[in-house]
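Visitor: I have the sequence and the coordinates open. Can you walk me through them?

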Amino acid sequence: MYEHDADLPQSTAAPHTRSRPLPPYRGILAVDAKDFTGRPAIEHEVISRLVPELLRTSLERAGLARVWADRVFPASTGDGYVLGFDPTLLPLVLHPWLLTLQETLTDFNIHSHGTVPIRLRVSLHVGPLPDTGDAFGGNGTVRNDTHRLLDSTPVKAVLASSSENITHVAAILSDRCYEDAVASGYTGRHPDHFIEVAATVEGKPFAQRAWIHVPAPSGPLRNTGVLGQGAHPGDGGQARPEGDDGLRPGERHHVTQHWTTNSAPSGNVNTGTVQGGQSVSNHHTVGDHVGGNKAGQVRGFQGDQVRGDKNQDRR
């Protein structure tokens, strides 16, 4: 052993070798400004300073000044900001704060003539994170996942496809956030305000169930082309794997079939997703009649294009 070994920093014990207390549970909130890197360099410092000020103002307006005053491991990320907060306040951060943040950004963007509007992606998570009181506090899997959710494809797609004049905030919640604060009934927003998505990050080994919430939606928010194949708007925002009807095996025989009737001049046109059976009839002098039903999920255009008289060989 070298005589200076005692000066080396001490590492923690290896995982799974001994039990120790969990770090305190924290809510964690992170935001990013849309299109920050595309702005001229002269605007970067201004935006970096504006984002935390807008967070502070919106929290005060929402009656949550203590979230800002008592924040832990706060840090600027250049194009955004991250902070930890008391997790018991999570339902209030979800509502009314997200709505108040939307209103605060609307006011700011209206009165900031000549400035490109500031629009924010928000990520919310909850879990055990150490608070060492220094620059290294708040590090852990929960924080890593918070930033991955913030960079995930669904929340970026929502903000990109929405009107910059209306939608200034798009939030993504971890599944733990949703279960603890929304599904439990503690948040003053119905679960239908949230859309389940599969959160993935391009180029990263990350995929998690998450929930999108947009306080002031515009554009095709509930379009699966925007949120990805994981989002099924017709099922209360529930994301399901392709071909999954959302039912446990023992429940399927209890379901009443719902029938949909479509009419088309020449052929069968099916749009969207059809659960259960479908009866299709076409009314035309040379058209087809389709009897029976088509069960399961039907997507896209599945009809025939008819040219000429299809009955000429039957005469």
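Visitor: How many of the nine residues of strand β4 are buried?

Guide: One caution to begin with: this is a predicted model. Strand β4 covers residues 120–128. The strand is mostly covered, and its buried residues number eight.

Visitor: In which sense do β1 and β4 pair, parallel or antiparallel?

Guide: Nine bridges join β1 and β4. One of the residues involved is Val31, whose bridge partner in β4 is Val122. The sense of the β1 and β4 pairing is antiparallel.

Visitor: And in which sense do β4 and β5 pair, parallel or antiparallel?

Guide: Strand β5 spans residues 169–174. Arg121 stands opposite Ala170 of β5. Five bridges join β4 and β5, and their sense is parallel.

Visitor: Which residue has Arg71 over the face of its ring?

Guide: Take the distance from the ring centre. For Arg71 that distance is 4.0 Å. The ring belongs to Trp68.

Visitor: How many aromatic pairs does a search of the whole structure find?

Guide: Two numbers describe such a pair: the distance of the centres and the angle of the planes. Searching the whole structure gives a total of three.

Visitor: Is the pair of Tyr178 and Phe194 stacked or edge-to-face?

Guide: The ring centres of Tyr178 and Phe194 are 6.0 Å apart, with 70° between the planes. An angle over 60 degrees is the criterion here. The pair is edge-to-face.

Visitor: How many residues apart in sequence are the parts that this pair ties together?

Guide: Tyr178 lies in helix α6, residues 175–183. Phe194 belongs to the loop between α6 and β6. Both Tyr178 and Phe194 are buried. The pair therefore ties together parts whose separation in sequence is 16 residues.

Visitor: Which residues form one aromatic cluster?

Guide: Tyr178 pairs with Phe194. The cluster consists of Tyr178, Phe194 and Trp211.

Technical notes. Residues numbered from 1 in each chain as written. Predicted model: local features only at pLDDT ≥ 70, side-chain atom pairs only at ≥ 80, totals over all residues. Heavy atoms only, no water. Buried < 20%, exposed > 50% of the residue type's maximum accessible area, 1.4 Å probe, protein only. Helix = DSSP H or I, 4+ residues; strand = E, 2+ residues; numbered from the N terminus. Pairing = 2+ DSSP bridges. Phe/Tyr/Trp six-rings, centres within 6.5 Å; stacked < 30°, edge-to-face > 60°. Lys NZ or Arg CZ within 6 Å of the ring centre and 35° of its normal.
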